Amino acid sequence: MPETDYLKIPQNRVGALIGPNGEVKKSIEKLTGTIIDIDSDDGTVYITPREDMEDPLGVWNANHIVKAIARGFNPEIAKKLIHDDIYLEIMKLPLYVGKSKKALARYKGRIIGKNGKTRELITELAEVDMAVYGKTVSLIGEMDNVMVAKEAVEMLLNGSRHKSVYGFLENKKETLKLKEFKDLVGIHDDKIEFKDGIKFDEESLQ
């Protein structure tokens, strides 16, 4: 049986974790088979497995959902992490740009963009959810998509022009679409293999 886990969250995110009439906390407990206790004074969250918890990863999943809410995500988006193929990536901005408040504000502005345009394009083209909160940028989505979005954010943090980042994202989107299509129909190394065993490639058609 997994043991009790705990983590600290910003006090101004405690309300988002609890939700109106405790509904968010209850829904996470039900989803993960855990009991969540929150110390509102210092933001410590304790996650305990229920005796009837079916999923051995319940505590781990609850931890990541709580962590996502703590990093600024809407609870409904955070709860996507219950799925095995959905991941959370937290990028700590001081590791990229230092601890200067002015630098943090400037680079957060680059990532968000005017009227939120840059953040919107990253989330749309990479098909991820993003939260910019405090000293972090966090991403939720399928692993390949999260890695693309992370690279785009890193490009912005390293001084790349927005236009270059948008071009990178558009190219990656096409690559991921092609990969998804190939996986779907069973194409490997530009060859198609039918169920009856017949194979053909580009050369055989010329």
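Trainee: What volume does the second largest pocket have?

Mentor: The second largest pocket of this predicted model has a volume of about 170 Å³, a volume being the space filled by probe spheres set on grid points joined across faces, edges and corners. Local features need pLDDT of at least 70, side-chain atom pairs count only at pLDDT 80 or more, and totals for chains, interfaces and linings use all residues. Residues are numbered from 1 along each chain as its sequence is written, and side-chain values use heavy atoms, with hydrogens and water left out.

Trainee: What makes a residue part of the lining of a pocket?

Mentor: A lining residue has an atom within 4 Å of a point of the pocket, which is an open set on a 1 Å grid where a 1.4 Å probe fits, with protein on both sides within 12 Å along at least five of seven lines. For the second largest pocket there are 15 such residues, and Trp60, Asp84, Ile86, Tyr87 and Leu88 lie nearest its centre.

Trainee: Why are H6 and H8 called oblique to each other?

Mentor: The axes of H6 (residues 101-112) and H8 (residues 143-157) cross at roughly 130°. Angles under 35 degrees count as roughly parallel, over 145 as roughly antiparallel, 65 to 115 as roughly perpendicular and the rest as oblique. H6 and H8 are therefore oblique.

Trainee: Which residues make the contact between H6 and H8?

Mentor: Tyr107, Arg110 and Ile111 of H6 meet Val153, Leu156 and Leu157 of H8, contact meaning heavy atoms within 4.5 Å.

How values were computed
Axes are lines fitted to C-alpha atoms, for helices over the stretch in contact, and angles run from 0 to 180 degrees between N-to-C directions. Helices (H or I, at least four residues) and strands (E, at least two) are DSSP runs, numbered from the N terminus.
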